[in-house]
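Please walk through this structure with its sequence at hand. The text below goes from one site to the next.

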Amino acid sequence: MAFPHPPSVLGVRDLRAAELAQSPDEALQRIYAWMQLARITDNRILELFRQGLIRGTVTGGQGHEGFIVPLALLADKTLDVASFTHRDLGGHLIWGGHLCAHLNQYFANADSPTRAREGNIHHGDPANRSLPMISHLGAMLSTVAGTADSQRRLGRPAVGFAFFGDGCSSTGDVHETLNLASLLSLPVLFVIENNGYAYSTPTSEQFAGGTELWQRAAAYGIEAQALDTTKDVLHNARVLAAAIEKIRATSRPMLIEAHTLRLRGHAAYDTCDYLKPGESESFFARDSLPPLRRQLAEVHGAARLDALDAELGAFLEACVKVAIATPRPSPAGMATDLYAPPSPPLPWIPSIGSQIENRESQTENLNAAQALNRALRKILTERPESLLLGQDIGTYGGAFKVTEGLLPEFGRPRVLNTPLAESACTGYAIGLALNAHRPIEEFQFADFATEATTQITLNAATMHFRSGAACPLVLRFPCGGGLTFGSFHSQELESLFLSMPGIKGLYPSTPQDAFNALLAAYEDNNPVILFEHKALYRRGRAPVVWDPHYRAIWQPKQLRSGDFATFVTYGEMVQLADEVAAYFTSEYDVAFDLFDLRALAPLQLDAIRASLVRTGRLIVLHEGRRTHGFGAELVARLTEENFAALKAAPLRLASLDLPVPFAPELEQIYRPTKETIIDRIAAWMG
Ligand SMILES: Cc1ncc(C[n+]2csc(CCOP(=O)(O)OP(=O)(O)O)c2C)c(N)n1
Ligand SMILES: [Mg+2]
């Protein structure tokens with residue numbers, strides 16, 4: 001549908017710092033026009049919500065324009081990075097796109113920029129570094145930091161703009177990201193939009209010690225100041241221009257606590273009855289838009305301002321008409337858009353190292369940790385967009401020495417020790433991934449990935465579905481038990497993470513598969529969790545070669561053939577299953593089709609289904625706990641289509657539904673062992 005032509009005053013979306021000094025009236029008129037457009041649009045959206053034409057959580061930015069509009073105008077939209085939040089419609093309008101496109105988002109119609117898969121203000125323009133927010137406040141700060149750093153790594157002097165409210169200032173992500181940004185010297189302007197309330201809760205009930213949030217920045221070594229954005233708009237713009245210029249020049253983070261107003265409550269449905277008598281009126285009395293208009297009317301004449309307002313109003317109405325007339329969204333493509341589409345294999349040098357000589361004959365006897373190390377070295381050597389991050393992965397070489405020797409070879413910017421901040425570091429990696437880098441993040445133990453659950457399962461995993469942007473990220477999970485590491489260092493978390501849509505998962509069980517899996521995960525355009533069983537790291541060496549079919553790791557591998565039952569497993573259990581199968585062949589004269597699943601998401605079950613149709617019996621074995629375990633999904637998927645072929649109830653073997661106990665005697669009872677697996681299968685055979 002054709003979009004109406006915008007008024008000429010909206011033709012300029014930039015403001016240079018020099019203009020504020022040289023032609024302040026002109027600059028202010030531009031600021032006013034965008035502030036007014038943001039205000040009337042927010043007000044109109046509120047009306048449309050009340051008429052039932054717009055749904056969702058309509059959180060207006062009325063009262064925040066005096067700060068977000070000058071900031072967005074001053075940003076360099078060809079370089080900089082932002083993630084606007086629910087008070088920042090003005091920022092979205094200026095960063096790019098036609099007003100119609102933004103309204104289409106609110107109407108969640110067929111032309112919505114998120115294809116109506118997200119509503120409200122959860123859109124962005126990732127191709128132009130406006131990163132779509134997720135609802136989980138605080139999560140986007142580190143993502144902005146990552147994309148800003150990615151720009152710097154590419155030699156572009158970008159500034160990132162990361163916004164959060166007074167309420168959000170209590171989240172752990174704020175602390176983690178401020179610390180990370182200062183530590184890595186990331187060029188980010190952190191802005192606290194302090195409007196005095198988090199939903200209904202005033203700041204006095206959110207944190208102790210008054211409302212001087214900006215003073216906290218000093219503890220992180222970050223320069224900070226407060227700014228009353230309800231006052232002189234020109235002054236605010238100058239302060240913002242100076243801050244942006246300084247960050248651009250120094251690449252140091254900075255924080256501004258912007259005191260703003262929330263003129264219309266938390267959201268469209270907010271009754272605001274928690275406000276004190278007269279409080280709402282006092283907000284409107286401090287609103288910066290009417291005084292700015294009066295000031296400009298004195299300079300340019302009231303008639304000019306009236307004409308400008310009329311022009312903006314007419315444009316808005318024309319755009320609303322377009323958005324209303326646009327058809328409702330189509331479900332087409334929803335399933336296929338869950339993942340970013342595959343790309344052709346990268347042009348790897350056909351060798352397990354990166355030397356071209358001896359490429360044909362090259363075979364090395366490696367354990368799984370060494371195979372992963374070789375793959376990481378190969379990736380760092382051949383792929384300039386790659387980098388590794390994680391705790392103690394530098395000089396120390398990682399808790400399991402998988403990254404040993406990589407820091408001296410590739411240097412700190414590409415092999416990065418991180419602080420204990422799994423959430424911010426994962427958000428930072430997501431930001432890098434959104435801007436053409438391909439980070440590989442090592443979690444010291446898979447268990448600590450729960451600290452980054454929001455980033456992994458909600459930010460990264462949903463990214464392509466909701467925004468169309470690829471998020472190529474490898475998350476290395478050293479997992480599994482049997483090593484007397486106790487509850488918090490031994491878990492199998494595949495069913496927890498992979499129950500969320502949008503993540504891929506590989507679980508190699510041999511050194512060759514570990515090597516192949518890392519390359520395949522690396523070149524995938526989606527977040528991929530690489531499950532690395534810790535007990536397999538040093539289980540023994542096996543020949544590792546360059547395998548041109550490394551992408552076959554996304555398919556299960558059949559290890560044994562037999563017609564008694566189909567036996568599916570993965571990870572460390574593969575070896576046990578193989579021994580068990582050998583035992584049954586020698587003692588009971590029965591043989592199994594044994595499959596190493598290898599890819600846990602997306603599941604590729606065709607070969608296993610075909611086997612099950614032939615054998616009629618199914619055994620599923622894994623180390624993770626039984627209840628809600630991965631085996632439940634496998635059994636359901638494999639049997640629901642082939643129920644008539646079954647000769648027996650499926651057998652599901654897994655760990656006990658308990659935390660992982662510490663002592664070896666207890667852990668042995670907790671986990672499946674060769675003996676318990678044999679007993680259970682023998683009993684099942686009857
Ligand atoms: C981590 C998190 N917890 C809870 C919510 C639900 N919620 C949405 S907005 C909001 C209040 C946020 O207050 P503030 O950060 O001050 O921003 P404001 O809405 O005032 O601009 C809450 C509690 C959320 N979005 N994210
Ligand atoms: Mg607030």
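Is Arg 44 buried or exposed? With a relative accessibility of 17%, Arg 44 counts as buried; buried means under 20% relative accessible area, exposed means over 50%, and partly exposed lies in between (1.4 Å probe, protein chains only). This is a predicted model, in which local features need pLDDT of at least 70 and side-chain atom pairs count only at pLDDT 80 or more, while totals for chains, interfaces and linings use all residues. Residues are numbered from 1 along each chain as its sequence is written, chains are lettered from A and ligands numbered from 1 in the order in which they are written, and side-chain values use heavy atoms, with hydrogens and water left out.

Arg 44 has a charged partner. Its side chain meets that of Glu 47 in a salt bridge, at 3.0 Å from N to O. A salt bridge here is a side-chain nitrogen of Lys or Arg within 4 Å of a carboxyl oxygen of Asp or Glu. Side chains of opposite charge can pair when their charged atoms come close. Glu 47 and Arg 44 are three residues apart in helix α2 (residues 24-50), and are therefore separated by about one helical turn. Helices (H or I, at least four residues) and strands (E, at least two) are DSSP runs, numbered from the N terminus. Glu 47 is partly exposed, at 42% relative accessibility, whereas Arg 44 is buried.

By the salt-bridge rule the count comes to 34. Another of these pairs is Glu 633 with Arg 637, whose side chains meet at 2.8 Å, N to O. These two residues are four apart in helix α22 (residues 630-640), so about one helical turn separates them. Glu 633 is partly exposed at 35% relative accessibility, and Arg 637 is partly exposed at 32%.

A further salt bridge joins the side chains of Glu 623 and Arg 671, at 3.0 Å from N to O. Glu 623 lies in strand β20 (residues 618-625) and Arg 671 in the loop between α23 (664-670) and α24 (674-685), so this pair ties together parts that are 48 residues apart in sequence. Glu 623 and Arg 671 are both buried. Salt bridges that share partners join Arg 539, Glu 572, Glu 623 and Arg 671 into one network.

Asp 166 lies in the loop between β2 (160-165) and α7 (172-183), and Tyr 197 in strand β4 (residues 197-198), so the pair ties together parts that are 31 residues apart in sequence. Asp 166 and Tyr 197 are buried.

A polar side-chain atom of His 86 is 2.7 Å from an oxygen atom of ligand 1. An N or O atom in the side chain of Asp 166 lies 3.1 Å from an oxygen atom of ligand 1. For Gly 167, a polar backbone atom lies 2.7 Å from an oxygen atom of this ligand. On its own, ligand 1 has 580 Å² of accessible area, and the protein covers 69% of this; accessible areas come from the Shrake-Rupley method with a 1.4 Å probe, and for residues only the protein chains shown count as cover.The structure holds zero disulfides, a disulfide being a pair of cysteine sulfur atoms within 2.5 Å. For Cys 168, the nearest cysteine sulfur is that of Cys 425, 17 Å away. Cys 168 is buried, with a relative accessible area of 4%.

Asp 337 is found in the loop between α11 (302-325) and β8 (363-366), and is buried at 17% relative accessibility. A polar contact of 2.7 Å joins its side chain to that of Arg 115. Such a contact is a pair of N or O atoms within 3.5 Å; within protein, one must be able to donate a hydrogen and the other to accept it, and residues adjacent in sequence count only if both atoms are side-chain atoms.
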